[in-house]
Amino acid sequence: TTTLAADVPSTAAATTGGAGTAAPPTTAGGPGTATGLDAPKDNGAEIYTYEAGWLLYAMNWSHRRDQMFRLAVGSFREETNNTVEVIKLDENTGSFRKTGSFAHPYPTTKIMFIPDRECTRPDLMATTADFLRLWQVNSDDSVSLKALLNSNSKSEFCAPLTSFDWNEIHPNLIGTSSIDTTCTIWDIETQQVDTQLIAHDKEVYDVAWGGPGVFASVSADGSVRVFDMRDKEHSTIIYETPGKPNETPLLRLGWNKVDPRYMATILLDSHKVMVLDIRYPTLPVAELTRHQACVNALAWAPHSSCHMCTAGDDAQALIWDLSGVQPESNAPGMESTKLGLDPILSYQAAAEINTLQWSAVQPDWVAIAYGSKVQILRV
């Protein structure tokens, strides 16, 4: 396993910026740097840090090729008044600058930029909290609210949204998950609900597209279910946590975009990551067990069919090579390839990692968030 040296403590002057400022990049040989990796040729920096000034949770990369190194980060304050900032790395100075900021009701549970690598569509962002909101990033980098989408306009109450995913093939479609057991598919061009269905028996915690008309969700009922929009009355259960009726909730779901036969999920308060092959339901094709505390986030590599990054409360971000996992290992009469996999790369952060994102446009870069910091790591 290649190890990236630990980040220096947040109190150290070397990496601490003020509120909403960028910490100076760490350079080769110092704390928080990569070892065993090819350093960029400009200034040798492998890791860049942004200090938001408040606890953050939601974070994501821009998908546009004309906005490299742009991210959005959302605050986590247990109150109505929260903030989303848009930041961008200045490659000449090696520091982040804040390009935009806007107030947001409640903490964002997820942030995404529109999946538009070729820059043919309006520069949009979406967020979930109490509702799904669409935001327009204007030419002067200001951000304005474009739409608030409420699937239950007849009621003054709303069921909080836990997550969402933007359809890469049909960017007019966004799927949301809610604590009211439903998943809702929105057409953002018409701003109307395309489909709303009761997806699970309990709260739905995450949703992910696996193709133009297929999505999956995970829930407090402990199941991974796949839905085909051509047959909305039925779903396929890919995996259920053992131990009914005391199911362990499933919190996050990642669907491999390069090889959609594979998905991965994480369990509540568990150090394991379950890798699933949809051709062999009910049994995981692999269990990743090298985290020392509960896993909080996972992301498949956008450019590889067999690489994944996971992060958790052990302050580690681990990258895995799953090319050795045999898809037939769960077939009848075969032993399951479940245990024994080691990560090929590890990074030790200064605190528990709450979320991570792998850049689709710049696949050499992974972003992690812990405490009030965002770090981007060259992998």
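Colleague: Which residues lie nearest the centre of the second largest pocket?

Modeller: A pocket here is an open set of points on a 1 Å grid over the protein atoms alone, with protein on both sides within 12 Å along at least five of seven lines. A residue counts as lining if it has an atom within 4 Å of a point. By that count 23 residues line this one, and those nearest the centre are Tyr57, Phe76, Thr109, Arg252 and Asn354.

Colleague: Before we go on, what pLDDT do side-chain atom pairs need to count?

Modeller: Residues run from 1 along each chain as its sequence is written, and side-chain values use heavy atoms, with hydrogens and water left out. This is a predicted model, so totals for chains, interfaces and linings use all residues, local features need pLDDT of at least 70, and side-chain atom pairs count only at pLDDT 80 or more.

Colleague: OK, what volume does the largest pocket have?

Modeller: Volume is the space filled by probe spheres set on the grid points, which are joined across faces, edges and corners. The second largest pocket comes out at about 430 Å³. For the largest pocket the figure is about 780 Å³.

Colleague: And which elements give two or more residues to the lining of the largest pocket?

Modeller: Its lining has 40 residues, with Lys110, Asp165, Leu298, Ala299 and Gln357 nearest the centre. Strands are DSSP runs of E, at least two residues, numbered from the N terminus. On that numbering, the elements are S4 (56-61), S8 (110-113), S12 (161-166), S16 (204-209), S20 (250-255), S24 (295-300) and S28 (355-358).

Colleague: How many charged residues are in that lining?

Modeller: Asp, Glu, Lys and Arg count as charged; Ala, Val, Leu, Ile, Met, Phe, Trp, Tyr, Cys and Pro as nonpolar; the others, Gly among them, as polar. The largest pocket's lining has 22 nonpolar and 11 polar residues, and its charged residues number seven.

Colleague: How many salt bridges turn up in the whole structure?

Modeller: One of them joins Asp201 and Arg225 (3.6 Å, N to O). There's also a network linking Arg64, Asp66 and Asp116. Search the whole structure and the total is 16.

Colleague: Arg70 touches Arg64 and Asp123, so is Arg70 buried or exposed?

Modeller: Arg70 is found in strand S5 (residues 70-75). Leaving out residues up to four places away in sequence, its contacts (heavy atoms within 4.5 Å) also include Asn60, Trp61, Lys88 and Phe113. With a relative accessible area of 3%, Arg70 is buried.

Colleague: Which strand gives the largest share of the lining of the largest cavity?

Modeller: A cavity is a set of grid points where a 1.4 Å probe fits but cannot get out. The largest cavity has a volume of about 60 Å³, and its lining divides into nine nonpolar, one polar and no charged residues. Three of the lining residues, the largest share, come from S27.

Colleague: Last one: which residues do ring pairs link into a cluster?

Modeller: Rings of Phe, Tyr and Trp (its six-membered ring) pair if their centres lie within 6.5 Å; planes under 30 degrees apart are stacked, over 60 edge-to-face, and the rest tilted. The search finds six aromatic pairs. Tyr48 and Trp365 make a tilted one, 6.0 Å centre to centre with 40° between the planes. The cluster is Tyr48, Phe69 and Trp365.

Key
Helices (H or I, at least four residues) and strands (E, at least two) are DSSP runs, numbered from the N terminus. Buried means under 20% relative accessible area, exposed over 50%, partly exposed in between (1.4 Å probe, protein chains only). A salt bridge is a side-chain nitrogen of Lys or Arg within 4 Å of a carboxyl oxygen of Asp or Glu.
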